[in-house]
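Morning, everyone. Let me put the model up, and then we will walk through the strands, the helices and a few single residues.

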Amino acid sequence: MDRQEIQSKIKELENELSELREELNKTGTKVFKPKFGDTYYYICVYGEVREEVWTDTEFDKAVYALGNCFETREEAKFEVEKLKVIAELKRFAMEHNEPMDWRDENQKKYFICYDCGKNKMMYIDYWNTLKNDNIYFSSAEIAEQAIKTIGEERIKKYYLGVED
């Protein structure tokens, strides 16, 4: 093979590789993962939304691995508000809760949820079921006060993902 044939073969393989990448991206996945050259958004340490172009760097990969890679600026801004509400709920629980013993099945623990059937915010008590992404309160009163303090609409929208 001469130089021109090799270059032609490389070009042919690059085109085939490009087509295969496009086909892979059309697999119907619901998870956003940028391709080389795509714009994405992430939340920086100050809570600001930043724009970046995916160039497959270690930074790009780290942002994606942490779930901090968004297709639109609006999605990233929503996530900022969600993180704020979660932080406020956690701080409220830490500041107001009595000690909770997860080995004590008689001690009630409460978390905030939304009843879609009744279209209202509520808190549920659980004795010995620990789910790692819930924020628990040591009493119904504390859960209720958290809702009032942080705001029912904010909790519904950002923490529970309920859209009116």
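Start with the sheet. Three strands make an open sheet, ordered S4-S3-S5, and the pairing is antiparallel. S4 and strand S5 (136–137) are the edge strands, each with a single partner strand, so one side of each has no neighbour in the sheet. Helices (H or I, at least four residues) and strands (E, at least two) are DSSP runs, numbered from the N terminus. Two strands pair if DSSP finds at least two bridges between them.

Some ground rules before I go on. This is a predicted model, where local features need pLDDT of at least 70, side-chain atom pairs count only at pLDDT 80 or more, and totals for chains, interfaces and linings use all residues. Residues are numbered from 1 along each chain as its sequence is written, and side-chain values use heavy atoms, with hydrogens and water left out.

Back to the strands. Strands of a sheet pair through backbone hydrogen bonds, either parallel or antiparallel. How many bridges join strand S3 and strand S4? Seven, with S3 (residues 109–115) and S4 (residues 120–126) running antiparallel. Two pairs to find on screen. Asp115 has Lys120 of S4 as its bridge partner. Cys113 has Met122 of S4.

S3 and S4 form a hairpin with four residues between them. Look at Asn119 in the turn. Its phi is positive, near 55 degrees, and the residue is not a glycine. Asn119 counts as exposed, at 54% relative accessibility. The scale is this: buried means under 20% relative accessible area, exposed over 50%, partly exposed in between, with a 1.4 Å probe and protein chains only.

Now the other hairpin. Strand S1 (residues 39–43) is joined to S2 by five bridges, and the two run antiparallel. Tyr42 stands opposite Arg50 in S2. Five residues lie between the strands of this hairpin, and there Gly47 takes a positive phi near 85 degrees.

Where is Asp56 found? In the loop between strand S2 (49–53) and helix H2 (58–65). Asp56 has a positive phi near 65 degrees, and is a residue other than glycine. Asp56 is partly exposed, with a relative accessible area of 41%.

On to the helices. Two packed helices are described by the angle between their axes and the distance between the axes. Here, axes are lines fitted to C-alpha atoms, for helices over the stretch in contact, and angles run from 0 to 180 degrees between N-to-C directions.

First up, H3 and H5. Helix H3 (residues 73–96) packs on helix H5 (residues 152–159) at about 120 degrees, with the axes 9 Å apart. That makes H3 oblique to H5. The cut-offs: under 35 degrees is roughly parallel, over 145 roughly antiparallel, 65 to 115 roughly perpendicular, and the rest oblique. H3 passes H5 in a left-handed crossing. Left-handed means the near helix is turned anticlockwise from the far one by less than a right angle, right-handed clockwise. Contact means heavy atoms within 4.5 Å. H3 contributes residues including Phe78, Val85 and Leu89, and H5 residues including Ile155 and Tyr158. By class, this contact of H3 with H5 has seven nonpolar, no polar and six charged residues. Ala, Val, Leu, Ile, Met, Phe, Trp, Tyr, Cys and Pro count as nonpolar, Asp, Glu, Lys and Arg as charged, and the others, Gly among them, as polar.

Next, H3 and H4. The axes of H3 and helix H4 (residues 140–150) come within 10 Å and cross at roughly 140 degrees. H3 and H4 are therefore oblique to each other. This crossing, H3 past H4, is right-handed. Among the contact residues are Phe92 and His96 of H3, and Ile142 and Gln145 of H4. By class, the contact of H3 with H4 has six nonpolar, three polar and one charged residues.

Then H4 and H5. Their axes come within 6 Å and cross at roughly 95 degrees. That makes H4 roughly perpendicular to H5. Ala146, Ile147 and Ile150 of H4 meet Glu152, Arg154 and Ile155 of H5. The contact of H4 with H5 divides into four nonpolar, no polar and two charged residues.

Last stop, Lys156 in helix H5. Buried or exposed? Lys156 is buried, with a relative accessible area of 7%. Not counting residues up to four places away in sequence, Lys156 touches Tyr114, Met121, Gly161, Val162 and Asp164.
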